[in-house]
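Good morning, and thank you for the time.

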Amino acid sequence: MPNAIVANDQLCVNVIRGLAMDAVEAAGSGHPGMPMGCADIAHVLWTQFLKYDPRSPEWPDRDRFVLSAGHGSMLLYAMLYLTGYDLSLDDLRSFRQWGSITPGHPENGITPGVEMATGPLGQGVSTAVGMAVAERFLRHSAPGMYDHRTYVIASDGDLMEGISHEACAWAGHQALDRLTVLYDDNRITIDGPTSLAYSEDWGQRMEAYGWHVQKCEGNDRRAVADAIQAAIEVTDRPSIIGCRTTIGYGSPGKGGTSSAHGAALGASEVLAAKEQLGLPTDLTFWVPVEALETYRKAGARSSNEREEWYARWGDSPSPTFQLGPLPEFPKPEATRNSSGKAIASIAAGSETFVSGCADLAESVKTNIPNEPAQSASNPTGRNLFYGVREHGMAAISNGINLHGGMRSACGTFLVFSDYCRPSIRLAALMHCPSLFVFSHDSIGLGEDGPTHQPVEHVMSLRAIPNLDVWRPADGAETWAAWGAALARVTGPSALVLTRQSVPQLGDPTKAALGGYAVRSEERPQIVLVGTGSEVQVALRAAEILAAEGHAAQVVSLPCWEVFERQSPEYKATVFPESVPIVSVEAGTTLGWQKYARASVGLDHFGASAPAERLYREFGITAEAVADQARRLISSS
Ligand SMILES: Cc1ncc(C[n+]2csc(CCOP(=O)(O)OP(=O)(O)O)c2C)c(N)n1
Ligand SMILES: [Mg+2]
């Protein structure tokens, strides 16, 4: 049972409120309302339930806490400072400023104790589902090593966002009983009361998803503690606790209204609030010794457990993830098939590698052979069936990767990468090494037609910073792509794969450099660069040109980002200075100007027909590439 609520708890929560008001006031911007409303919830969680050790923020068996309502970042920063993470009062004073470790919204890797970046509503609660599934998997696959819970504070916006519907439905289906969501049910969003736009019965909705649902007064700490305890005792379902709170609690003029959400309260309102809360009005960032002592004591609650854990398990329980040796690819095959072989190879050597798909596993080739599905009755199943929920899938997969100890791949058709995009972007921002597998990568998929044929997708993925986008040309390049993606720990990778067969023409060693000459010329007059299924088109164009006496170097550029990380000297061997370049890729040409003076591509939607016909009709042909090359050769 929770410890008795000690006498200075009220002082403690008001100190949190004071810090939130003062930090937002000092920054001149920010969100005071949520931290003021949720201070009681955070207090109960950090002082009575959460398993954490501020001196060891990376302790693998810590509870995970996700502030899904990331705009309430000051709540998290206040708790991290108060409980003793490596964060000072001065860090709170520089909230939202250049170079501070207290950015506007939480970002992992910047602030110790922050598990993930939040702010895009819905992502936090959905990613936490992945953390909970990773914990369950590891608890069952390495008994004794992992035994923790995942807690989330989510807001109205989090629950309204579609992604939370996908992820919460899946969490219910999976019966993730160690997941507890504390819902800040304050009935206020930016535009005003939630009654403007939100009237479903969220409790019934979550119950229908298979969740355990409770409702309590969110500013009544005993009620919150009892509800959390009850949630812990539920062992067959995830739990949500709707905590009725008042946004901007303590602010006489703005509390309970949307004006407390996202702006400094203003000097006079802060004074009035401090008066109401019994805080000194002549001090800012006030943290009395007795409050600090309470929190530092709370922060030490699990330190013995953490020490025992390290004594037993050592410092580096992280597994490695490896791809087996390159197999023979004797015949043409679709790169999605080569990718499926890579997934099988990784899974064979890495017990905590999991793979999943949004209801297209047979098509995208994401299934691990001879492995059961992940489920409550089979928590070490390594195939994750997400249903038709791409956005939720991508966030959940991020959560598994953020948790540590596991590596997770997930896939769908490339055209539906748009449905995953906000989570891909967040993975990149979080330096999360997620693996996104996207097949059916162009008009080469043929008869399904333009709804299913990606056009702008590869280029728009390349536009996301810190995402490595691989579009391999054949089996060997696919192997190289998987090897590089697995080795990458500083960010996510996307693998863009064909539905149709492609000839074997690549070099796995050179492909690992991101770009290389598949046909070299000592003194090229032109460079033809392609990716994926269009490298063969560039090679055929080079033959046409060779027959006419023109020396064309052909470059395969499976990963722009990796290629850009190579030395200038190497890059100059691939794209020799002042030799004109023609690109060919069955997608939008916007962006190819980075390398090429002329581009063969597709700047409109596709059509429903066999692939060969589409390539011909849309002019993505060796002849078209040769035409552009001749034009450039004659004008240079
Ligand atoms: C995906 C997304 N859309 C929009 C926003 C902008 N935004 C920030 S908070 C918020 C809603 C605020 O309401 P709620 O989630 O209930 O938080 P509260 O004001 O109660 O703290 C919105 C729309 C966002 N952060 N993320
Ligand atoms: Mg709200």
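Which residues of strand β19 lie on one side, which lie on the other, and are they buried or exposed? Please bear in mind that this is a predicted model. Strand β19 spans residues 581–584. I581 and S583 are on one side of the strand, V582 and V584 are on the other, and all of them are buried. Both faces of β19 are therefore covered, where buried means under 20% relative accessible area.

Let us now consider the neighbours of this strand. Strand β17, made up of residues 526–530, is joined to β19 by 4 bridges, and the two run parallel. V529 has S583 as its bridge partner in β19. Strand β20, residues 598–600, is also parallel to β19, and 3 bridges connect them.

I turn next to the metal site. Which residues supply the protein donors of the magnesium ion, ligand 2? They are D156, through OD, N186, through OD1, and I188, through O, and they lie 2.1 Å from the ion. Along the sequence, the spacing of these donor residues is D-x29-N-x1-I. Why does N186 count as buried? Its relative accessibility is 10%, and the cut-off for buried is under 20%. I188 counts as buried as well, because its relative accessibility is 12%.

The cysteines come next. How many disulfides does the structure hold? The number is 0. C168 is in no disulfide, and the nearest cysteine sulfur, which belongs to C243, is 15 Å away. C168 has a relative accessibility of 2%, so this residue counts as buried. C432 is likewise in no disulfide; the nearest cysteine sulfur to C432 is that of C410, 10.0 Å away. With a relative accessibility of 0%, C432 therefore counts as buried.

Finally, I come to the cavities. The structure holds 4 cavities of 30 Å³ or more, and the largest cavity has a volume of about 110 Å³. Which residues line this largest cavity? Among them are W46, L50, Y52, P57, F65, L76, L80 and Y85. The lining also includes R62, D63 and E115, together with G113. Sorted by class, the lining consists of 8 nonpolar, 1 polar and 3 charged residues.

Thank you for your attention.

How values were computed:
Residues numbered from 1 in each chain as written. Chains lettered and ligands numbered in written order. Predicted model: local features only at pLDDT ≥ 70, side-chain atom pairs only at ≥ 80, totals over all residues. Heavy atoms only, no water. 1 Å grid on protein atoms, 1.4 Å probe; cavity = no way out; pocket = protein on both sides within 12 Å on 5 of 7 lines; lining within 4 Å. Points joined across faces, edges and corners; volume = space filled by probe spheres on them. Nonpolar A, V, L, I, M, F, W, Y, C, P; charged D, E, K, R; others polar. Donors = N, O, S within 2.8 Å, 3.2 Å for Na, K, Ca; no water. Buried < 20%, exposed > 50% of the residue type's maximum accessible area, 1.4 Å probe, protein only. Disulfide = S-S within 2.5 Å. Pairing = 2+ DSSP bridges.
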